[in-house]
Amino acid sequence: AAHLTRQLVLLQRAKIMTIHAFCLDLLREYGYALELDPKSHIGNEGELNLLRERTLEEVFEAAYKEPESGLHLLLQHYSRGLGDDNIKALVLRLVEFGESMPDIEDWLAGLLAVYNQGQAAIWQDYFAEFMQDELAELGQLCRAAATLAKDAGLTVYLSLLQSDAAALTQIAALAANGDWPAGLTALAELGFKRLPAIRSKVEVDIEAKEKVQQLRKQVKDGCAALLREASPLLNGTLSEELRSQAPLAEALVNLALAYYQAWQQAKRRRRLLEFADLEHYALRLLLEQTPDGPKKSAVAEELSAQYDEIMVDECQDINEIQNRIFSLLSCEGKNLFMVGDVKQSIYRFRKAMPALFIEKSRRFPSYDPAAPFPDGGAKIILGQNFRSRREVCGLVNFLFERLMSEEIGEIAYGEEEKLLPG
């Protein structure tokens with residue numbers, strides 16, 4: 001009881017706040033080190049949107065006036081005679097996503113290196129995942145066509161549709177195992193035989209028949225599109241094609257970089273901040289750049305010494321830069337306690353990265369109360385649910401076991417994910 005009473009008294013000294021509130025406090029105390037105006041504040045959405053549009057227009061106007069600007073090259077390939085709105089939207093999307101990275105300029109340079117150096121391996125990994133997802137979707141269409149054919153009495157179609165679905169499942173398995181070349185070869189050889197003719201004397205559901213044929217055509221067209229996308233991989237010309245696209249990639253990256261730098265300067269002049277700025281400025285305070293690479297700053301060391309424990313809730317909704325901030329505030333991660341549930345991730349539109357939490361949950365061993373706590377950390381499954389009746393937990397488990405997979409939901413709904421009535 002005495003211990004709990006003391007903890008209640010000390011609770012008022014704990015910094016319980018959102019990540020952005022913490023970063024804002026940090027900037028108020030140490031912002032002078034970054035030469036931030038003390039009157040800097042979070043701008044309202046309308047004010048920021050107007051400034052963003054004006055800044056983007058100014059960057060594009062400057063690019064138009066420069067004869068050697070890459071914007072002219074981008075317009076030749078992407079404007080389709082409809083102006084530059086699609087290129088502006090692409091620049092905004094690129095910068096918006098890059099702001100969730102610890103160093104947007106370094107991230108943009110990395111994108112450009114893929115093209116300049118013809119780094120085909122990166123695209124191969126991406127394509128294997130893309131191919132697996134596409135084949136899974138096409139297989140579902142095939143099975144839907146088979147189900148519809150069976151229900152409508154179109155039994156003459158069943159064997160072929162089921163055979164197609166099984167073949168696509170096998171090809172998807174090859175892609176999942178990383179053997180996309182064998183998968184593409186098998187896909188090219190699939191052929192798709194014509195659906196058998198139905199005798200004119202047999203009564204059929206015309207609407208169902210046309211729907212089945214339409215679904216199968218979607219599958220055939222999807223497979224053909226996949227093979228077209230894969231042609232540089234199959235022909236071994238991907239590296240060459242990437243290098244040929246390097247001038248376009250460089251033009252886009254340079255335009256995005258020019259906009260990002262102008263945008264930062266425009267906000268500084270008006271003493272405005274976005275939530276993403278809070279994280280980036282906080283990271284600059286916590287990280288020191290040295291000839292040997294980045295290391296913890298004196299500010300980070302000072303703050304680390306103040307905290308016995310750093311507890312992060314809703315960890316499934318953090319991004320890369322937030323993850324870096326938590327790591328720098330901790331003592332090499334040893335006093336970092338993170339709670340999350342990937343099934344509850346709802347902020348991907350704000351650049352949340354559930355994959356960060358998934359990676360941690362796979363990396364850490366399960367906690368064993370009978371054994372010493374591992375030096376590298378451990379995973380504790382909070383499986384008991386004290387809010388819902390047994391029937392509700394059972395229904396949720398029943399549905400999620402059938403709906404969730406690594407392809408849909410990013411995790412398989414196994415024993416660790418099940419809700420146990422508390």
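Predicted model: local features only at pLDDT ≥ 70, side-chain atom pairs only at ≥ 80, totals over all residues.
View 1. The crossing of α2 and α13 is left-handed.

**View 2. Residues of α2 and α13 that form the contact between the two helices.** On the side of α2, the contact is made by His20, Cys23, Leu24, Leu26, Leu27 and Tyr30, and these meet Phe275, Leu278, Glu279, Tyr281, Ala282, Leu285 and Leu286 of α13. Sorted by class, the residues in the contact of α2 with α13 comprise 11 nonpolar, one polar and one charged.

**View 3. Glu35, a residue with positive phi in the loop between α2 and β1.** Although Glu35 is not a glycine, its phi is positive, at about 60°. Glu35 is placed in the loop that runs between α2 and β1 (41-42), where its relative accessible area of 68% is over the 50% cut-off, and Glu35 is therefore classed as exposed.

**View 4. Glu314, a residue with positive phi in the loop between β5 and α15.** The phi of Glu314 is near 55°, which is a positive value in a residue other than glycine. Glu314 is found in the loop between β5 (310-312) and α15 (320-329), and because its relative accessibility of 38% falls between the cut-offs of 20% and 50%, Glu314 counts as partly exposed.

Terms used. Residues numbered from 1 in each chain as written. Heavy atoms only, no water. Left-handed = near helix turned anticlockwise from the far one by under 90°. Helix = DSSP H or I, 4+ residues; strand = E, 2+ residues; numbered from the N terminus. Contact = heavy atoms within 4.5 Å. Nonpolar A, V, L, I, M, F, W, Y, C, P; charged D, E, K, R; others polar. Buried < 20%, exposed > 50% of the residue type's maximum accessible area, 1.4 Å probe, protein only.
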